[in-house]
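Welcome! Take a look at it first, and then we will go through it topic by topic.

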Amino acid sequence: MDKKEGQKIRTLDLVYIGLSVALIAVCSWICIPLTVPVTLQTLGICLVSGLFGLRRGTLATAVFIILGVIGVPVFSHFSGGIGVITGATGGYIIGFVFTALIVGFASDKWQGKLWALVLSMVLGILVCYAFGTLWFAVVYSKGDKSAGLITILATCVFPFIPFDAVKIAVAVLLVNRLKRFIK
């Protein structure tokens with residue numbers, strides 16, 4: 001591989017990562033407001049990581065989060081800033097990185113096999129739930145010690161399972177159809 005070929009690959013990586021960040025941001029703006037908003041962010045992260053793999057998917061997710069933290073309105077409700085990370089949904093946003101790592105790793109390791117995509121996306125979403133629910137419990141239990149685990153799960157997880165199942169199905173379908181077009 002000559003120097004020019006290596007440059008093309010790096011440029012292509014940057015293009016894919018930039019487009020992926022934009023896709024995740026657009027997915028975050030599509031929002032159904034509940035206690036913790038239902039957005040398509042996890043769909044975007046699963047799609048990007050499934051299509052582009054561990055390195056590109058995780059970098060795109062990290063860039064998305066960094067842009068949001070510095071104030072670019074890429075998060076749900078066109079919000080941004082460090083306050084979003086320290087608020088009720090901050091744990092989910094941090095969990096996005098681990099979702100990208102899990103889905104991207106499985107995509108690279110098993111070359112987009114259907115069973116691996118489904119399993120990794122389910123696991124990735126569960127890890128995201130864990131981070132988000134734990135952070136939600138920490139933020140909301142400061143003044144109210146009466147919120148038990150079932151109450152928190154009923155607020156942060158149970159209502160979102162059907163939405164996330166649909167998002168996983170859509171992401172798997174899109175990755176399965178589009179993967180062959182990605183260099």
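Are Phe-64 and Phe-75 buried or exposed? Both of these residues are buried. Please keep in mind that this is a predicted model.

**Overall layout**
- The protein contains seven helices and two strands.
- Starting at the N terminus, its elements follow the order α-β-β-α-α-α-α-α-α.
- Of the 183 residues in the protein, 43% are buried.
- The accessible surface is about 9,700 Å², and carbon and sulfur atoms account for 74% of that surface.
- If you take the contacts between residues at least 6 apart in sequence, 71% of them join residues at least 24 apart.

**Helix 5 and helix 7**
- Helix 5 (residues 114–140) packs against helix 7 (residues 161–178) at an angle of about 145°, and their axes are 10 Å apart.
- The crossing of helix 5 and helix 7 is right-handed.
- On the helix 5 side, the residues that meet helix 7 include Leu-117, Met-121 and Tyr-129; their partners in helix 7 include Asp-164, Ile-168 and Asn-176.
- By type, the residues of this contact are twelve nonpolar, one polar and one charged.

**Aromatic rings**
- Six aromatic pairs turn up in a search of the whole structure.
- One of them joins Phe-64 and Phe-75 edge-to-face, at 5.5 Å centre to centre with 80° between the planes.
- Phe-64 sits in helix 2 (residues 41–69) and Phe-75 in the loop between helix 2 and helix 3 (82–86), so this pair ties together parts that are eleven residues apart in sequence.
- Phe-105, Trp-110 and Trp-115 make up one aromatic cluster.

Definitions and conventions. Residues are numbered from 1 along each chain as its sequence is written. This is a predicted model: local features need pLDDT of at least 70, side-chain atom pairs count only at pLDDT 80 or more; totals for chains, interfaces and linings use all residues. Side-chain values use heavy atoms; hydrogens and water are left out. Helices (H or I, at least four residues) and strands (E, at least two) are DSSP runs, numbered from the N terminus. Buried means under 20% relative accessible area, exposed over 50%, partly exposed in between (1.4 Å probe, protein chains only). Contact means heavy atoms within 4.5 Å. Accessible areas come from the Shrake-Rupley method with a 1.4 Å probe; for residues, only the protein chains shown count as cover. Axes are lines fitted to C-alpha atoms, for helices over the stretch in contact, and angles run from 0 to 180 degrees between N-to-C directions. A crossing is left-handed if the near helix is turned anticlockwise from the far one by less than a right angle, and right-handed if clockwise. Ala, Val, Leu, Ile, Met, Phe, Trp, Tyr, Cys and Pro count as nonpolar, Asp, Glu, Lys and Arg as charged, and the others, Gly among them, as polar. Rings of Phe, Tyr and Trp (its six-membered ring) pair if their centres lie within 6.5 Å; planes under 30 degrees apart count as stacked, over 60 as edge-to-face and the rest as tilted.
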